[in-house]
Amino acid sequence: MHLNKEENQMLEGAYGEVVQKALELLVSIGACFDAEKLIPIRSGHLLANLNGIGRAGASYIHEMAEKGGKCAIFTDTNPRNVEAELVDELGLSVEFAKEEQVIIDAYSKMGVSLPHTCTPYLIGHSPRLHEHIAWNESSAIIFANSVLGARTNREGGPTALAASLTGRVPEYGYHLQENRYGDLLVLVNAEMKHSHDFGTLGYFVGRVAGDRVPVFAGLQPSVSMDGLKLLGAAAASSGSVALFHAIGITPEAQTVESAFGHRKPADMETLEFNNKELKQTEEILSRSTKREVDIVILGCPHASITELREIARLLHEKKLKPTTSLWVSTSRVMKQEAHEIGLVDIIESSGAKVTCDVCPIYPAQQAFGPGTVATNSPKLCYYISQGPQSLIPHYGSLERCVEAALTGVWG
Ligand code: F3S
């Protein structure tokens with residue numbers, strides 16, 4: 001791999017041990033993928049949850065901070081597993097919270113911004129078209145690649161941190177234009193009436209696509225950001241899709257030719273998503289056979305202000321069934337905005353809770369597993385039903401989920 005003068009100095013230790021180790025890692029990853037060089041990146045996004053990072057990862061991050069590691073570029077964080085209020089309220093492990101705090105303190109020392117959200121693009125961390133970045137968190141990666149047209153691979157915890165510490169990544173994968181063209185066509189004919197229908201579509205396609213780049217034809221240009229957010233998050237969890245195109249909608253797919261790089265073969269694999277596939281996929285996701293719902297979770301990925309408005313409208317002057325909880329998961333920044341315009345008061349007056357800084361999966365499993373959850377997120381259906389304290393999901397529209405929280409049953 002070609003390294004410039006500065007990078008060679010980094011490798012020789014001129015910028016300190018932390019940068020040296022980080023660059024060694026990036027160079028060895030680059031060698032695995034035959035990268036010709038390193039390229040500069042504009043931002044990073046790091047995991048912040050103890051379950052994702054693990055204890056060994058936490059102590060590695062702590063060590064990097066103690067040795068003086070500093071981010072070379074703007075970097076922020078994904079949600080945590082727990083936060084103080086939930087620990088107290090749900091009686092979660094204080095020891096676990098302390099261990100997670102070690103990661104957060106180390107990041108803070110390294111100059112990482114700490115918004116703890118999986119939708120950084122909704123709160124100002126929104127990379128531009130063709131900008132190279134190094135992000136962790138599959139739902140944010142696919143949104144950045146597809147909807148914003150930025151360029152990132154699905155970074156793992158250590159490589160994302162190494163990229164932030166050096167401001168570089170090896171040039172391979174989705175950083176290269178030749179790997180960003182579609183290789184699977186999806187004809188969407190289903191009636192896409194609700195935003196969760198886009199999540200259903202994403203889940204359906206991810207199962208077939210694996211790590212390919214699906215191109216959607218037939219989506220209406222009026223599809224909302226929330227719909228695209230759910231679509232990407234679902235495709236990245238049922239498959240390992242990191243990039244999709246929607247013809248006439250996403251920036252690298254203004255035409256069929258640009259989506260496929262003028263090389264679409266006549267016999268390209270084509271999937272159809274009709275009302276039949278929409279219904280079948282909803283049935284696959286909605287696995288609970290119990291009518292009673294223990295908890296409803298909305299905001300996976302973290303809720304936008306539009307979703308918070310809609311939830312507040314549906315809950316206005318209503319009360320939840322006492323046997324059912326409703327959590328709305330969002331970022332601290334979005335919660336503050338919602339608070340200032342009265343939405344948090346409306347939502348919480350019903351008995352629901354607006355959580356921030358966390359991914360709801362771990363605390364919900366601790367508090368309600370094994371039990372039944374209702375959600376409008378295919379990604380949440382997938383991950384919350386893993387592990388010893390799994391919850392079995394009902395899956396449907398946001399309206400139907402709110403109704404379940406008000407009545408206590410899945411109707
Ligand atoms: Fe975000 Fe957790 Fe869902 S990190 S995308 S709320 S699984």
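Which residue stands opposite Ser 43 in E3? The model is predicted.

1. **The open sheet.** Phe 74 is the residue of E3 that stands opposite Ser 43. Strand E2 covers residues 43–46, and its pairing with E3 is parallel, over 4 bridges. Both strands belong to an open sheet of 3 strands, in the order E3-E2-E4 with parallel pairing. Strand E3 (74–77) and strand E4 (134–135) are the edge strands, each pairing on one side only.

2. **The ligand site.** The ligand sits in the largest pocket. Around the ligand are Pro 79, Cys 118, Glu 137, Ser 139, Cys 300, Pro 301, Cys 359, Pro 360, Ile 361 and Lys 379. By class, this shell holds 7 nonpolar, 1 polar and 2 charged residues.

3. **Glu 137.** Most residues other than glycine have a negative phi. Glu 137 counts as buried because its relative accessibility is 10%, under the 20% cut-off.

4. **His 116.** Here is another positive phi in a residue that is not a glycine, at about 50 degrees for His 116. His 116 is placed in the loop between helix H5 (94–109) and E4. Its relative accessibility is 5%, so His 116 is buried.

5. **Two cis peptide bonds.** Most peptide bonds are trans. Cys 300 and Pro 301 are joined by a cis peptide bond, with omega about 0 degrees. Pro 301 is in the loop between E10 and H12. A cis bond also joins Gly 369 to Pro 370, with omega about -5 degrees. Pro 370 is in the loop between helix H15 (361–368) and E13.

6. **Strand E13.** Strand E13 (residues 371–375) is largely enclosed by the rest of the structure, because 5 of its 5 residues are buried. E13 runs parallel to E10, with 3 bridges between them. Val 296 has Ala 374 in E13 as its bridge partner. E13 also runs parallel to strand E14 (residues 391–395), joined by 5 bridges. Gly 371 stands opposite Leu 391 in E14.

7. **Ser 288.** Where is Ser 288 found? It is in the loop between helix H11 (275–285) and strand E10 (295–298). With 12% relative accessibility, Ser 288 counts as buried. Its side chain makes a polar contact of 3.5 Å with the side chain of His 394.

8. **Strands E6 and E7.** Strand E6 (residues 184–188) runs parallel to E7, and 4 bridges join them. Leu 184 has Pro 214 in E7 as its bridge partner. In strand E7 (residues 214–217), Pro 214 and Phe 216 point one way. Val 215 and Ala 217 point the other way, and all are buried. In a regular strand the side chains alternate between the two faces of the sheet.

9. **Thr 306.** Helix H12 (residues 305–315) contains Thr 306. Thr 306 is partly exposed, with a relative accessible area of 49%. Thr 306 and Ser 238 are 68 residues apart in sequence. In space they are 26 Å apart, C-alpha to C-alpha.

Notes
Residues numbered from 1 in each chain as written. Predicted model: local features only at pLDDT ≥ 70, side-chain atom pairs only at ≥ 80, totals over all residues. Heavy atoms only, no water. Pairing = 2+ DSSP bridges. Near = heavy atom within 4 Å. 1 Å grid on protein atoms, 1.4 Å probe; cavity = no way out; pocket = protein on both sides within 12 Å on 5 of 7 lines; lining within 4 Å. Sits in = over half its atoms within 2 Å of the grid points. Nonpolar A, V, L, I, M, F, W, Y, C, P; charged D, E, K, R; others polar. Buried < 20%, exposed > 50% of the residue type's maximum accessible area, 1.4 Å probe, protein only. Polar contact = N/O pair within 3.5 Å; in protein donor to acceptor, adjacent residues only side chain to side chain.
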